[in-house]
Amino acid sequence: MAGRRGARTGRGWDAAPSARTGGSGTGRSRRGSSGVPDGPTGQRSDVAGRPAGETTEPAKPRDEAELAREICLRQLAGRPRTRAELAVALARKGISAETASQVLDRYDEVGMIDDAAFARAWVTSRHQGRGLARRALANELRQRGVDAETAAEALGELDETAEAETARLLVDRKLRTATGTPDAVFRRLVGMLARKGYPAGVAVRAVKDALAERDAEAAEFAEYVDADALADAETEFDRDGL
């Protein structure tokens with residue numbers, strides 16, 4: 001038995017301390033009274049490992065103009081924006097009016113903000129893509145902060161002829177799958193054009209002409225549609241509702 005016990009000496013639970021424990025046999029490094037290991041020269045350290053008494057300077061506050069520029073760039077990365085849209089975004093982030101004005105003025109100077117170009121592109125895109133008429137487009141531009149004069153110039157590129165042609169294309173597209181009596185179809189299509197901002201006269205005439213070419217029943221109904229009278233009635237209704 002003694003031989004077997006001697007064989008275990010130096011191995012297992014009674015093995016000699018390794019280099020990792022520093023040869024002390026305790027496996028623990030010397031700590032200061034605070035429970036934090038001392039520095040390499042015996043200097044007391046804090047919990048973050050810094051020499052005692054050393055402090056970290058607080059981070060300097062960011063420049064407001066720099067922050068405002070970053071906000072604007074993030075906004076412009078998604079799509080072009082008007083000056084008013086960017087001003088609203090800056091105000092929501094707490095940027096002062098003075099700083100916002102300075103940053104936006106600079107962006108105006110370098111062409112990163114151009115409400116006139118924005119309005120022209122918006123009119124073209126929304127008319128071709130969604131078939132919106134000038135009245136609806138004017139409302140959208142106003143909601144995005146484009147002033148009346150700039151909006152009028154952009155909308156001037158969309159004349160009455162182009163508006164009437166687009167109205168007819170929209171009606172023809174919907175008429176392919178429309179069901180119901182001619183009267184019901186007529187009302188639905190006129191309503192669709194009205195929601196897209198078309199004047200009553202343009203909407204009524206576009207639907208009447210399309211129905212006249214659809215079939216005999218629809219053509220007979222279209223003969224009794226007085227586009228001028230309906231347009232006048234719609235105009236009077238709109239005026240009274242304002």
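Student: How many helices and strands does the secondary structure come to?
Tutor: The protein has 12 helices and zero strands, where helices (H or I, at least four residues) and strands (E, at least two) are DSSP runs numbered from the N terminus. This is a predicted model, in which local features need pLDDT of at least 70 and side-chain atom pairs count only at pLDDT 80 or more, while totals for chains, interfaces and linings use all residues. Residues are numbered from 1 along each chain as its sequence is written, and side-chain values use heavy atoms, with hydrogens and water left out.

Student: What percentage of the residues count as buried?
Tutor: Of the 242 residues, 30% are buried. Buried means under 20% relative accessible area, exposed means over 50%, and partly exposed is in between (1.4 Å probe, protein chains only).

Student: And the accessible surface, what does it come to?
Tutor: About 16,300 Å², with 51% belonging to carbon and sulfur atoms. Areas come from the Shrake-Rupley method with a 1.4 Å probe; for residues, only the protein chains shown count as cover.

Student: Switching to Ala133. Where does it lie?
Tutor: Ala133 is in the loop between α5 (115–130) and α6 (134–143).

Student: Is Ala133 buried or exposed?
Tutor: Ala133 counts as buried because its relative accessible area is 0%.

Student: What does Ala133 touch, not counting residues up to four places away?
Tutor: Glu163, Lys196, Gly197 and Tyr198, with contact meaning heavy atoms within 4.5 Å.

Student: Which helix is Glu140 found in?
Tutor: Glu140 sits in helix α6. Glu140 is buried, because its relative accessible area is 13%. Beyond its neighbours within four places in sequence, Glu140 is in contact with Trp122, Arg126 and Leu132.

Student: Now charges. Which residues form the negative surface patch?
Tutor: Asp215, Glu217, Glu220 and Glu223. Patch residues have over 30% relative accessible area and no salt bridge; like charges are joined within 9 Å, and nonpolar side chains (Val, Leu, Ile, Met, Phe, Trp, Tyr) within 5 Å. A salt bridge is a side-chain nitrogen of Lys or Arg within 4 Å of a carboxyl oxygen of Asp or Glu.

Student: Why does Glu217 count as exposed?
Tutor: Because its relative accessibility is 53%. Glu217 is in helix α11 (residues 216–223).

Student: Which residues form the positive patch?
Tutor: Arg173, Lys174, Arg176 and Arg195. Of these, Arg173 is in helix α8 (residues 160–175).

Key:
Lys, Arg positive; Asp, Glu negative; His and termini not counted. Charge placed at Lys NZ, Arg CZ, Asp CG, Glu CD.
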